[in-house]
Amino acid sequence: MLILSRKVGESIVIDGRIQVKIMRLDGEVVKIGIEAPASVPVHRQEVYEEIQRNNQKAVMKEGSPLPKLAGPPKKPS
Amino acid sequence: MTSAESTLSQPASTTAPNVVRLPLGLLGFEQIKEYALLADPAEKPFAWLRVTNDKSLAFVVIDPFVVMPEYKPNIPPADAEFLGIKEASDALLLGIVTIHKDHHATMNLKGPVVINRHSHIGKQVIIANAAEYSVEHLLPIAEAVA
């Protein structure tokens, strides 16, 4: 892993198009500003891990009994 | 025919194309790239996304809009481009359902599986507004599983 030291207000540039800037230090919290093209998805790592864990929990054997939903399900338009 | 299957096959053909390719897999299941989308009318509005070559590995899915018409997932442009989706009507969304041990059921609204209705290529997309939704959105259950 490449490790760089940066001061508040300083940035790094990735691939010439993604700018990561240290905005503010607040105790143990670092505020980071990210400027990237719309084509580059940026997410907190936790959300990936949360979805991964959810997928693992959701695995079932086909044909397992399913619950019935309450109310008449509406047809999607 | 469930809503998932019927919407997948609309409007072009009457044969329900039920193989979905996920070139990137599902998160945590990246190596599995081909699923069958199976729908039993008796299980409506649920459907199954089952690994084509492994019957023991399946996910229950649901069209999230059936339960939550106000759901407004924001699909990142990179994902729409990857899937070849130009307008909302090109996309079929499936929420992965978890049936919990105490029989309550939830669906994942942060990371829906988005499928191009025409090419049947899909991806589990982390929506740009994931912070507004839960991975365990409670489904209204009338009758628990036996």
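In this predicted model, chain A carries an open sheet of three strands in the order 1-2-3, with antiparallel pairing. Strand 1 (11-14) and strand 3 (29-35) of chain A stand at the edges. Each has a single partner strand, so one side of each is left without a neighbour in the sheet. On average, neighbouring strands of this sheet are turned by 25° against each other, direction ignored.

Strand 1 of chain A and strand 2 (residues 18-26) of chain A run antiparallel and are joined by four bridges. One residue pair can be named: A:S11 has A:K21 in strand 2 of chain A as its bridge partner. The loop between strand 1 and strand 2 of chain A holds A:D15. A:D15 is not a glycine, yet its phi is positive, about 60°. A:D15 counts as exposed because it has 8 C-beta neighbours inside 10 Å, and the limit for that class is 12 or fewer.

**Strands of chain B**

Strand 2 of chain B is bridged to strand 1 (residues 19-21) of chain B and to strand 3 (residues 46-51) of chain B. The pairings are listed below.

| Strands of chain B | Bridges | Direction | A bridge pair |
|---|---|---|---|
| Strand 1 and strand 2 | Three | antiparallel | B:V20 and B:Y35 |
| Strand 2 and strand 3 | Four | antiparallel | B:L38 and B:W48 |

B:A36 sits in strand 2 of chain B. It is partly exposed because 16 C-beta neighbours lie inside 10 Å. Neighbours within four places in sequence aside, B:A36 is in contact with B:N18, B:V19, B:R50 and B:T52. B:N53 is 17 residues away from B:A36 along the chain, and their C-alpha atoms are separated by 9.2 Å.

The loop between strand 2 and strand 3 of chain B holds B:P45. A cis peptide bond links B:K44 to B:P45, with omega about 0°. Another loop, between strand 7 (113-116) and strand 8 (122-124) of chain B, holds B:H120. B:H120 is a residue other than glycine with a positive phi, near 60°. Its class is partly exposed, because 17 other C-beta atoms lie within 10 Å.

**Core**

In soluble globular proteins, nonpolar side chains tend to be buried together. Here the largest nonpolar core has 45 residues. The residues with the most contacts inside this core are B:L49, B:V60, B:V61, B:I62, B:L94, B:V97 and B:V114. Strand 5 (residues 91-99) of chain B gives the largest share of the core, seven residues.

B:V97 also has a contact in the other chain, A:A58. Within chain B, and leaving aside neighbours within four places in sequence, B:V97 is in contact with B:F46, B:V60, B:V61, B:I62, B:A105, B:M107 and B:L139.

**Contact between the chains**

Chain A gives 30 residues to the contact and chain B gives 48 residues. On the side of chain A that touches chain B, helix 1 (45-58) and strand 4 (68-69) of chain A each supply at least two residues. Helix 1 of chain A gives the largest share of that side, 10 residues. By type, the side of chain A that touches chain B divides into 16 nonpolar, seven polar and seven charged residues.

Notes. Residues are numbered from 1 along each chain as its sequence is written. Chains are lettered from A and ligands numbered from 1 in the order in which they are written. This is a predicted model: local features need pLDDT of at least 70, side-chain atom pairs count only at pLDDT 80 or more; totals for chains, interfaces and linings use all residues. Two residues are in contact if their C-beta atoms, placed from the backbone, lie within 7 Å. Ala, Val, Leu, Ile, Met, Phe, Trp, Tyr, Cys and Pro count as nonpolar, Asp, Glu, Lys and Arg as charged, and the others, Gly among them, as polar. Two strands pair if DSSP finds at least two bridges between them. Axes are lines fitted to C-alpha atoms, for helices over the stretch in contact, and angles run from 0 to 180 degrees between N-to-C directions. A nonpolar core is a set of buried Ala, Val, Leu, Ile, Met, Phe, Trp, Tyr and Cys residues joined through C-beta atoms within 7 Å. A residue is buried if 20 or more other C-beta atoms lie within 10 Å of its own, exposed if 12 or fewer, and partly exposed in between; C-beta atoms are placed from the backbone.
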